[in-house]
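Biologist: Before we discuss the terms used for this protein, may we look at the sequence and the model together?

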Amino acid sequence: MKPKCTNVELAELLGVSLEDLKDRGWSVDAPLVPRHKFQEWTYDELIDLPDSQWLAGDEERPVLIANGLWLNYGLFKGGKTYRSMELAFCIAFGLEFHGLPVTQGNVAYVIAEGGTKRHLKRLLALCEKYKLDPAEALNSGKFNLITTAVNLAEAKGVDELLGQLRHHPYVAVWLDTWARMLSASGGHDSDPDTVGPAIRGCDRIREALDCTVTIVAHIGWSPAAQERPKGLVDLPGAIDGATYCLKEGEGPNACFRFKSVYQRHAADGYEQLAKLQEFGADRVFVSAPRHEVAIEKLPADVRRCYAILQGLGDGATVDQWRDAVKAGGLWSDVKNWRDKWKRAKAALLTAGVIDIAGECVSLHDQ
């Protein structure tokens, strides 16, 4: 019996194009049989492959790639789960993620710490932020919460997870946290006998579902480990991209910085800034304008100097600004008023919230 072939091979055998096959009633969107993983690629096959797709963002704003292995990592309480769960939620329901486009599709969020009721509060807060009915959204099969760690190092552990995922097709699966998954796999993040097989387990999930798998991982506490995920140093070499989650400050004014790093298909360096805000049952991230974050870090007298400039409006001259600061009584109790003024102006320029061209001052309020 002659073995089956792909549509490309069939077209070549018949001496026709794929379009001709389509005209004859063949479905040419996929091979007749799965492609062998070691089969050589032809030029015609390579040229017909689609460009890399993104579940969130794009090559200029790489937040999550399609059909890849991704990593979200940072210190304890660095915003990893808040961000990961919101991103999964937005993809599941086709909602913009902090102004970025998403590709809608079913997701599974596997989280093995924090308590199931606590996760419900986070999901209720997300429903409130995005104006969705919780019962309808969480019963739709689009966002699927699982609260048991997966043994990624053994085939039977991965198969057990795959056997429970009913709402096909999936576009993404989150594994939160990496430490919990490795513990369920019988090891830890510095154990080469566990980490390697667990990465292969992630790839098995990704290949079986034709989806993206995102690992949520911690970093070490030592200064030398602040921008490196815990575990073997080769973990970044196994992924298609990562998001470094960094918390700056404490309390209600704490800012969270999310930076794209380890990018295999895009450039490193894209950042999103956010703050946590109450939405009913819990808190959810809201985007933080870059200029506001920069200004909050400045001393109080410099912030007031900036507020006076805002009152004058974009395009005021340096002299108008200086006179308004003086008239407002700022630094009226010090002898070196001009030195204070020069330092405040320099601080605002260094922070990148103003520009001075000639005698005109422009505000960076976007």
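This is a predicted model: local features need pLDDT of at least 70, side-chain atom pairs count only at pLDDT 80 or more; totals for chains, interfaces and linings use all residues.

Biologist: Which residues touch the most other members of the largest nonpolar core?

Modeller: They are F89, F143 and W174, in a core of 36 residues. The elements that give two or more residues to this core are β1 (54–57), β2 (62–65), α4 (80–93), β4 (106–111), α5 (116–129) and β6 (170–176). The largest share, eight residues, comes from α4. Apart from this core lies another, of 33 residues, including L152, L209, I239 and V261.

Biologist: Why is T243 called buried?

Modeller: Buried means under 20% relative accessible area. T243 has 1% relative accessibility, and therefore counts as buried. T243 is placed in strand β8 (residues 241–248). Leaving aside neighbours within four places in sequence, T243 has contacts with V63, W70, L71, N72, Y73, R83, F258 and K259.

Biologist: How far apart are T243 and V261 in sequence and in space?

Modeller: They are 18 residues apart in sequence and 5.9 Å apart in space, C-alpha to C-alpha.

Biologist: Why are α11 and α13 called roughly perpendicular to each other?

Modeller: The axes of α11 (residues 300–312) and α13 (residues 337–351) come within 10 Å and cross at roughly 80°. Angles of 65 to 115 degrees count as roughly perpendicular, and the two helices are therefore described in that way. In their contact, V302, C305 and Y306 of α11 meet W341, A344, A347 and L348 of α13. These residues divide into seven nonpolar, no polar and no charged.

Biologist: What makes α12 oblique to α13?

Modeller: The axes of α12 (residues 318–327) and α13 come within 12 Å and cross at roughly 125°. Roughly perpendicular ends at 115 degrees and roughly antiparallel begins over 145, so α12 is oblique to α13. Their contact is made by V318, W321, R322, V325 and K326 of α12 and W337, R338, W341, K345 and L348 of α13. Six of these residues are nonpolar, none polar and four charged.

How values were computed:
Residues are numbered from 1 along each chain as its sequence is written. Side-chain values use heavy atoms; hydrogens and water are left out. A nonpolar core is a set of buried Ala, Val, Leu, Ile, Met, Phe, Trp, Tyr and Cys residues joined through side-chain atoms within 4.5 Å. Buried means under 20% relative accessible area, exposed over 50%, partly exposed in between (1.4 Å probe, protein chains only). Helices (H or I, at least four residues) and strands (E, at least two) are DSSP runs, numbered from the N terminus. Axes are lines fitted to C-alpha atoms, for helices over the stretch in contact, and angles run from 0 to 180 degrees between N-to-C directions. Angles under 35 degrees count as roughly parallel, over 145 as roughly antiparallel, 65 to 115 as roughly perpendicular and the rest as oblique. Contact means heavy atoms within 4.5 Å. Ala, Val, Leu, Ile, Met, Phe, Trp, Tyr, Cys and Pro count as nonpolar, Asp, Glu, Lys and Arg as charged, and the others, Gly among them, as polar.
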